[in-house]
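Below is a short report on one protein chain.

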Amino acid sequence: MENKESGLHKIKIDQRKCADISGVCDVESFDLKHILLETNMGMLEIKGEDLKVKKVSLDSGEFRVCGRINSFQYFDTKDYRKKGKSLLKKAFR
């Protein structure tokens, strides 16, 4: 499912400490070591240490995470899709 408002998918990393990500459609899960995002280019898994979500705007497709970023990995959305609502949708209903 592509968010038409999310625009192009880009990642800007600053010194492995913060990443600004555009083209984010949904936030599936997050904790201090793992974040899973649905982007308009597929599922994006971010791994690291002491990860903190600093900004989420699904209307504009913007997401910012800070901490120690160790890796980014993509998966096809259909292979990673979970049944039910996302974490954010559950939290804000």
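Which residue does a disulfide join to Cys 18? The partner is Cys 66, with an S to S distance of 2.2 Å.

## Basis of the model

This is a predicted model: local features need pLDDT of at least 70, side-chain atom pairs count only at pLDDT 80 or more, and totals for chains, interfaces and linings use all residues. Residues are numbered from 1 along each chain as its sequence is written, and side-chain values use heavy atoms, leaving out hydrogens and water.

## The disulfide

A disulfide is a covalent bond between the sulfur atoms of two cysteines. Here the criterion is a pair of cysteine sulfur atoms within 2.5 Å. By this rule the count is one disulfide. The link of Cys 18 and Cys 66 is right-handed, with 110° about the S-S bond. Cys 18 lies in strand β2 and Cys 66 in strand β6, so the pair ties together parts that are 48 residues apart in sequence.

Both Cys 18 and Cys 66 are buried. Buried means under 20% relative accessible area, exposed over 50%, and partly exposed in between (1.4 Å probe, protein chains only). Cys 25 also counts as buried, at 11% relative accessibility.

## Overall layout

The protein chain has two helices and six strands. These are DSSP runs numbered from the N terminus: helices are H or I with at least four residues, strands are E with at least two. Along the sequence the pattern reads β-β-β-β-β-β-α-α.

Of the 93 residues in the protein chain, 38% are buried. Among contacts with a separation of 6 or more, 49% are between residues 24 or more positions apart; a contact means heavy atoms within 4.5 Å. The accessible surface comes to about 6200 Å², and 51% of that belongs to carbon and sulfur atoms. Areas come from the Shrake-Rupley method with a 1.4 Å probe; for residues, only the protein chains shown count as cover.

## Strand β2 and its partners

Strand β2 covers residues 18-22, and four of its five residues are buried, so it is largely enclosed by the rest of the structure. Two strands pair if DSSP finds at least two bridges between them. β2 runs antiparallel to strand β1 (residues 10-14), joined by five bridges. Asp 14 stands opposite Cys 18. The hairpin of β1 and β2 has three residues between the strands, and Gln 15 takes a positive phi near 55° there.

β2 also pairs with strand β6 (residues 62-75), antiparallel, over four bridges. In this pairing, Ile 21 stands opposite Phe 63.

## Strand β4 and its partners

β4 is mostly covered, with five of its six residues buried. Strand β3 (residues 24-30) pairs with β4 over five bridges in the antiparallel sense. Ser 29 faces Leu 36 across this pairing. The hairpin of β3 and β4 has three residues between the strands.

β4 and β5 are antiparallel too, over six bridges. Leu 37 has Leu 44 in β5 as its bridge partner. Two residues separate β4 and β5 in their hairpin.

## A nonpolar surface patch

Met 41 lies in the loop between β4 (34-39) and β5 (42-57). Met 41 is exposed, with a relative accessible area of 60%. Together with Ile 11, Ile 13 and Tyr 74, Met 41 makes a nonpolar surface patch of about 390 Å².

Patches are made of residues with over 30% relative accessible area and no salt bridge: like charges are joined within 9 Å, nonpolar side chains (Val, Leu, Ile, Met, Phe, Trp, Tyr) within 5 Å. A salt bridge is a side-chain nitrogen of Lys or Arg within 4 Å of a carboxyl oxygen of Asp or Glu.
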